[in-house]
Amino acid sequence: MALLDISEVAKQTGLPASTLRYYDDIGLIAAAGRKGLRRQFLPKVVAQLRLISLGQTAGFSLTDMAQMLPAHGAPQVDRDTLHARADEIDRQIADLRKLRDTLRHVADCPAPSHLECPTFQRMMAASGRWARRDKPSAKRSAP
């Protein structure tokens, strides 16, 4: 099986080589060897990196991703964790829709002052309620 040079993996995934080296150093992915000083990877690393990117987009940290997708071994994805994260994304979507609706109302409201607008006042009161709601924090890590 042909190995991919780190530059080829970077080209295919859009990730800088420095990120690939970092992921390799922390055990998120594993180089299959070296050609001189350049790391070489199995082709399957491209799919692993896409899964890592998807997980980060979903709000999982690199530590979370390392536990779910060990560089060596089978994925260990806890479905309850995925369901909980999907539920949190649903809550974020609902909050963002409310925010979008408020912004559109403010942009289109004919009232001389938004603070005089009853609809805007109701929206502000509602935003205070959902802003105070207990929200689990998404762990984030940056390379």
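The chain exposes about 9,500 Å², and carbon and sulfur atoms supply 56% of that area (Shrake-Rupley method, 1.4 Å probe). Keep in mind that this is a predicted model, where local features need pLDDT of at least 70, side-chain atom pairs count only at pLDDT 80 or more, and totals for chains, interfaces and linings use all residues. Residues are numbered from 1 along each chain as its sequence is written, and side-chain values use heavy atoms, with hydrogens and water left out.

**Overall layout**
- You'll find six helices and three strands here (DSSP runs numbered from the N terminus: H or I of at least four residues for helices, E of at least two for strands).
- Along the sequence they come as β-α-α-β-β-α-α-α-α.

**The sheet**
- The three strands make an open, antiparallel sheet in the order β1-β3-β2 (strands pair if DSSP finds at least two bridges between them).
- β1 (4-5) and β2 (33-35) sit at the edges with a single partner strand each, so one side of each has no neighbour in the sheet.
- Two bridges link β1 to β3 (residues 38-41), and L4 stands opposite F41 in β3.

**Helix α5**
- The 30 residues of α5 (residues 79-108) should span 44 Å at 1.5 Å a residue (1.5 Å times one less than the number of residues), and its end C-alpha atoms agree at 43 Å apart.
- Its buried residues are R85, E88, D95, T102 and H105 (buried is under 20% relative accessible area, 1.4 Å probe, protein chains only).

**Confidence**
- Mean pLDDT (the predictor's confidence in each residue, from 0 to 100) is 86 for the chain, with 89% of residues at 70 or more.

How values were computed
Buried < 20%, exposed > 50% of the residue type's maximum accessible area, 1.4 Å probe, protein only.
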